[in-house]
Amino acid sequence: GITFPERPKLKFMDKVPAVPKVRREPRQLRDIRGPSREATDFTQGQYGILMIRLTIGRGMDPKTTFAIWRVPAPSKPVTRKSLGHRMGGGKGPIDRYVTAVKSGRLVVEVGGRCEFGEVKPFLTQVARKLPFPAVPVSRRDLQQMRREEEEKRLNNQNPWTFERVVAANMLGMRKYLSPCDLQLKGRYWGKFFLKHRV
């Protein structure tokens with residue numbers, strides 16, 4: 001019961017968005033902070049990376065497997081001043097465009113008539129090339145990870161949870177925490193996901 005898309009290989013993504021003029025934006029941590037609300041489950045494929053088109057294209061056989069992007073094309077401008085440029089003079093020109101990816105988001109889905117052992121080598125290779133920590137997962141692995149996380153939360157023996165410490169304002173913690181820390185229960189520090197914290 002596997003349906004193949006008409007183009008099994010990953011489509012080419014434009015490096016520059018097709019809009020007339022893009023504004024230079026300030027840096028925003030909220031684009032990458034916290035858990036992802038979209039593209040967290042598989043739609044068609046069986047395996048994925050929790051972006052690299054050429055590596056996946058070389059590793060997969062288009063007759064038996066297919067791949068789908070689960071992230072939008074790069075649209076966020078990143079500025080950079082030229083080398084040896086003196087400080088001041090305002091914000092630098094746009095250097096490149098990036099896609100903001102939050103924790104827990106699937107980047108690429110791979111599926112078809114294949115086993116996880118066949119696609120894992122090139123997915124691991126792709127995960128190493130990404131500028132953030134990523135792991136190749138199958139549907140079963142993803143369900144197992146979520147189950148373990150829920151079990152860890154339910155069977156927590158430590159009475160000093162983040163919520164309790166913050167609610168009691170121990171050591172005047174509220175003064176140092178941002179509203180995002182309170183909302184995300186201390187599981188995300190800046191752009192990093194603290195998986196050991198319950």
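**Helix α2 and its surroundings**

Reply: Let's start with helix α2 (residues 116-129), which has 14 residues and spans 20 Å from its first C-alpha to its last; that is close to the 20 Å expected at 1.5 Å a residue. The expected span here is 1.5 Å times one less than the number of residues. Helices (H or I, at least four residues) and strands (E, at least two) are DSSP runs, numbered from the N terminus. Some ground rules: this is a predicted model, so local features need pLDDT of at least 70 and side-chain atom pairs count only at pLDDT 80 or more, while totals for chains, interfaces and linings use all residues. Residues are numbered from 1 along each chain as its sequence is written, and side-chain values use heavy atoms, with hydrogens and water left out.

Even with that span, α2 has a bend of about 25° at Phe 122, taken as the angle between axes fitted to the seven residues ending there and the seven starting there. Phe 122 is also one of the buried residues of α2, together with Phe 116, Val 119, Leu 123, Val 126 and Ala 127. Buried means under 20% relative accessible area, exposed means over 50%, and partly exposed is in between (1.4 Å probe, protein chains only). In general, an α-helix has 3.6 residues a turn, so residues three or four places apart point the same way.

Lys 120 is 17 residues from Val 137 in sequence, with 8.3 Å between their C-alpha atoms. Val 137 sits in strand β6 (residues 136-138) and counts as buried because its relative accessibility is 2%. Lys 120 and Arg 146 are 26 residues apart in sequence, and there the C-alpha separation is 20 Å. Arg 146 belongs to helix α3 (residues 139-154) and, at 37% relative accessible area, is partly exposed.

Going back along the chain, Phe 116 and Thr 64 are 52 residues apart, with their C-alpha atoms 13 Å from each other. You'll find Thr 64 in the loop between α1 (53-59) and β2, where it is partly exposed because its relative accessibility is 27%.

Five of its five residues are buried, so β2 is largely enclosed by the rest of the structure. Both faces are covered: Thr 65, Ala 67 and Trp 69 are buried on one side, and Phe 66 and Ile 68 on the other. Its partner is strand β5 (residues 108-112), and the two run antiparallel over five bridges; strands pair if DSSP finds at least two bridges between them. Within this pairing, Ala 67 is opposite Val 110.

From Val 107 to Val 135, 28 residues along the chain, the C-alpha separation is 10 Å.

Now for the side-chain contacts. The search of the whole structure comes back with zero aromatic pairs, where the ring centres of Phe, Tyr and Trp (its six-membered ring) would have to lie within 6.5 Å, with planes under 30 degrees apart called stacked, over 60 edge-to-face and the rest tilted. There is a charge over a ring, though: Arg 164 lies over the face of Trp 160, 4.4 Å from the ring centre. The test is NZ of Lys or CZ of Arg within 6 Å of the ring centre and within 35 degrees of the ring normal. The structure has zero disulfides, meaning pairs of cysteine sulfur atoms within 2.5 Å. As for cysteines, Cys 114 is buried at 8% relative accessible area, whereas Cys 180 is partly exposed at 32%.

Last, some backbone angles to check. Asn 169, in the loop between α4 (162-167) and α5 (179-183), has phi near 55°, a positive value in a residue other than glycine. Lys 185, in the loop between α5 and β7 (188-189), also has phi near 55°. Asn 169 is partly exposed at 36% relative accessible area, and Lys 185 is partly exposed at 41%.
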